[in-house]
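Please read it alongside the sequence and the coordinates.

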There are 2 protein chains.
Amino acid sequence: MGKIPTMFCLRHLLVLSLALNMSLVLRIVYESEQGSKLFWLKNKIGTTKADEVYKKETHISQKVLLSVSNSSTHEDNQEGVERIINLDHGDPTMYESFWRQMGDKTTITILGWQSLSYFSDITNICWFLEPEFAKEVVRLHKVVGNAVTEGRHIVVGTGSSQLFLAALYALSPQDAIKPISVVSAAPYYSAYPLMTDYQKSGLYKWAGDTQSFHKDEPYIEIVTSPNNPDGYARYPVVNRSEGVLVHDLAYYWPQYTPISSPADHELMLFTVSKSTGHAGTRIGWALVKDKVVAKRMTKFIELNTIGVSKDSQLRAARVLKVVSDSCEIESSFEVGESFFNFSHRVMVERWKQLREAVQHSGMFSLPSFSHAFCTFSGQMSGLQPAFAWLKCEQGIEDCQSFLSRHKILTRAGKHFGFGSDYVRISMTDRDEIFKLFINRLKAIR
Amino acid sequence: MGKIPTMFCLRHLLVLSLALNMSLVLRIVYESEQGSKLFWLKNKIGTTKADEVYKKETHISQKVLLSVSNSSTHEDNQEGVERIINLDHGDPTMYESFWRQMGDKTTITILGWQSLSYFSDITNICWFLEPEFAKEVVRLHKVVGNAVTEGRHIVVGTGSSQLFLAALYALSPQDAIKPISVVSAAPYYSAYPLMTDYQKSGLYKWAGDTQSFHKDEPYIEIVTSPNNPDGYARYPVVNRSEGVLVHDLAYYWPQYTPISSPADHELMLFTVSKSTGHAGTRIGWALVKDKVVAKRMTKFIELNTIGVSKDSQLRAARVLKVVSDSCEIESSFEVGESFFNFSHRVMVERWKQLREAVQHSGMFSLPSFSHAFCTFSGQMSGLQPAFAWLKCEQGIEDCQSFLSRHKILTRAGKHFGFGSDYVRISMTDRDEIFKLFINRLKAIR
């Protein structure tokens, strides 16, 4: 090999070295800022899983994009057959896009040795209640102004279903010779009768619609407000001295209804499924005035499931925190929109589309709602419930069967103690499903 | 400034530059390996929370070290008063030290938009069962060899408590005019009678000890093996044609008992609380042979809690995976000890200490167990149950009261359908508590 001049060699080595410096500096900056996501994913959940999460995320994003670019009816035609649209359940997947936007704000990391114990706080009546979750429940109610929390005991449950059963258990006279009657005004949530009676309990028994309840004896009345399925505000109906009330306020949130004042009842039920869309966590909570009732509800959950998942309580605490944060510092919030702004906006838009489709078809009718002042938003607002309580017109007696022939699955009115000319339709599914539904409905003549 | 010779300057700049390169390369390596933990913590759970977790971890480690360096009796004396030792509940916090050793292997990260839906796998009978969890359940049973999973339906529950109730519901004749009898051989798990009867169900009713069950009619027998509270292997007792069996195998794991063969019963219950110590996740599972029974159990959980926390299922899947990994690749496993080696070793040591303390005191007696071959470990092994079934001797009739005067809280024999001269004592609490207990027991004369 020929001899390379020293000066040339050194100068070039220096340039090379400086270039290497620069690339290394850039790599550090890049890894800190851009590469961090895959970096922690691989560190925390293993390389394969991290890749899976990435692939899944990419795949879903592509799918969502695809459904936006293609019209829904076009999608039907492409497949050659009509796709079945299942709106029987109120699966709140509509909120997914908001939580995707939130990115890491709502990510939770649980270490292997955390939350091993059955106990969360042995000084609390509800000894399995995570203090962090309780704190965020109180904060969110304060931020939204939809419930009084002062002087209340919080009881956490595996969804509000478990709390519904816990409330029946707690409010039933334990030494009665026959079960107490449980009533609710029709149309009532279809699960109430099933949940009340499936164990054939000697403590409580479903007694149906409040209108047909004339017994002069103790009873439990379930007041669901806004009501599932029809969305109307509800008040106690029976109003007799021997009655006790359970207020199911799962839908008393600004995206569904104007907040009139903080609810201030003896026993109120809430759930993250309907407020934030995290149904998979199975977390609900009760605000309970009476200490003895709170103790008995806690006892129920102890005997039923020995407490409630700590992992999901911690996750729910994080979710509620982000919702409160998004409301309190909306103007400075990175994404620029609070959770309730997002969800209210989407619900308003969906109800507009639904009413247009119903008008276009001429085959159906919907409840009409008047506007009211919302103390949360500070302005007049309409109602846009999580379910549409749709009535088939034109002499169609079995609305559920009629729609199922068009491959739209709904829940028949009879399950809600009402007529078969009605169905309940979920309004909280994913955008692509909702679009498909609207187009399908429009086409029915 | 004097002029620096060019050659000198270039050579030194090159050295400087190369040194800088080296330091940058080292920084990248360092940040990848050492700095990753706080890095992801801060990225994922926010800076403040990450610092909290770090502080908490450090604090607990210090506390544990402190309790190791100070003898337990010394701790009592330092405080001037005897500390209350609560061994009434079987809180499995003993396993915490293993999971701390595992570090990030068992850490789970859940993104804000994950698992929003109620549904996990609508093609499965148990539609809320996370496929990843189901996979790890099957794998672990294969690794340990303690249960047949082939031809079984997996039903996940909020702890095995919920599955116990689901099993009663599923096995009860739905159209019977009176509730089916539920029996178990005394001493039986103290929660069975309470859980069976708290709802005053018309489907099933607690009928007590198998020995006193002489009715010629359908019944459900609970076979708990190894038994809670006494640790013995159990077999059906009543053996009549009209009976159905539920096998509660919560403790059929190598740390508690020799594995004789894969359990192969109609309906078997397991839980992570007792197998891995993750009681706070509230995750249990049932292996069910009959499809109709699996469907009915699923229906029960649907009406009870509309499914089971997805977050906890995902976490439990990770935990089971790490346990299986630790067994399958024990020799190459970083920490050098499988989960069952660790837990078996600790339980053997604890039982040795307990037997010594009992002998030293002369006031008590314990069950005696014979050794048997364990197919999992491939050697003869003794029994070291999760609970000690302790008998007070010397004419002490109320063992629970006697021990509580020494500030040791236990569960009285009467709750297990047995004599008050017996108590159940948890063997799975933290090291420092167990030490304190042993020293306290030794001192009783």
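A:Arg440 is located in helix α14 (residues 431–443) of chain A; helices (H or I, at least four residues) and strands (E, at least two) are DSSP runs, numbered from the N terminus. The residue counts as buried, at 5% relative accessibility, where buried means under 20% relative accessible area, exposed over 50% and partly exposed in between (1.4 Å probe, protein chains only). Its side chain reaches the backbone oxygen of A:Arg83 at 2.7 Å.

This is a predicted model, in which local features need pLDDT of at least 70 and side-chain atom pairs count only at pLDDT 80 or more, while totals for chains, interfaces and linings use all residues. Residues are numbered from 1 along each chain as its sequence is written, chains are lettered from A and ligands numbered from 1 in the order in which they are written, and side-chain values use heavy atoms, with hydrogens and water left out.

**A:Phe402**
- Helix α13 (residues 399–405) of chain A contains A:Phe402, which is buried with a relative accessible area of 11%.
- Residues up to four places away in sequence aside, A:Phe402 touches A:Met363, A:Phe364, A:Cys392, A:Ile396 and A:Ile444 (contact means heavy atoms within 4.5 Å).
- Between A:Phe402 and A:Cys392, 10 residues apart along the chain, the C-alpha separation is 8.6 Å.

**Aromatic pairs**
- Over all chains there are 62 aromatic pairs; rings of Phe, Tyr and Trp (its six-membered ring) pair if their centres lie within 6.5 Å, and planes under 30 degrees apart count as stacked, over 60 as edge-to-face and the rest as tilted.
- B:Tyr251 and B:Phe387 form an edge-to-face pair, because their ring centres are 5.9 Å apart and their planes stand at 70°.
- B:Tyr251 lies in the loop between β7 (243–248) and β8 (267–271) of chain B and B:Phe387 in strand β13 (residues 387–392) of chain B, so the pair ties together parts that are 136 residues apart in sequence.
- Both B:Tyr251 and B:Phe387 are buried.

**Charges over rings**
- A:Arg100 lies over the face of B:Trp113, at 3.9 Å from the ring centre (the criterion is NZ of Lys or CZ of Arg within 6 Å of the ring centre and within 35 degrees of the ring normal).
- The ring of A:Phe387 has the charged end of A:Arg424 over it, 3.7 Å from its centre.

**Nonpolar core**
- The largest nonpolar core has 236 residues, and among those touching the most other members are A:Trp99 and B:Trp99; such a core is a set of buried Ala, Val, Leu, Ile, Met, Phe, Trp, Tyr and Cys residues joined through side-chain atoms within 4.5 Å.
- Beyond its neighbours within four places in sequence, A:Trp99 has contacts including A:Phe339, B:Gly112, B:Trp113 and B:Leu116.

Technical notes. Polar contact = N/O pair within 3.5 Å; in protein donor to acceptor, adjacent residues only side chain to side chain.
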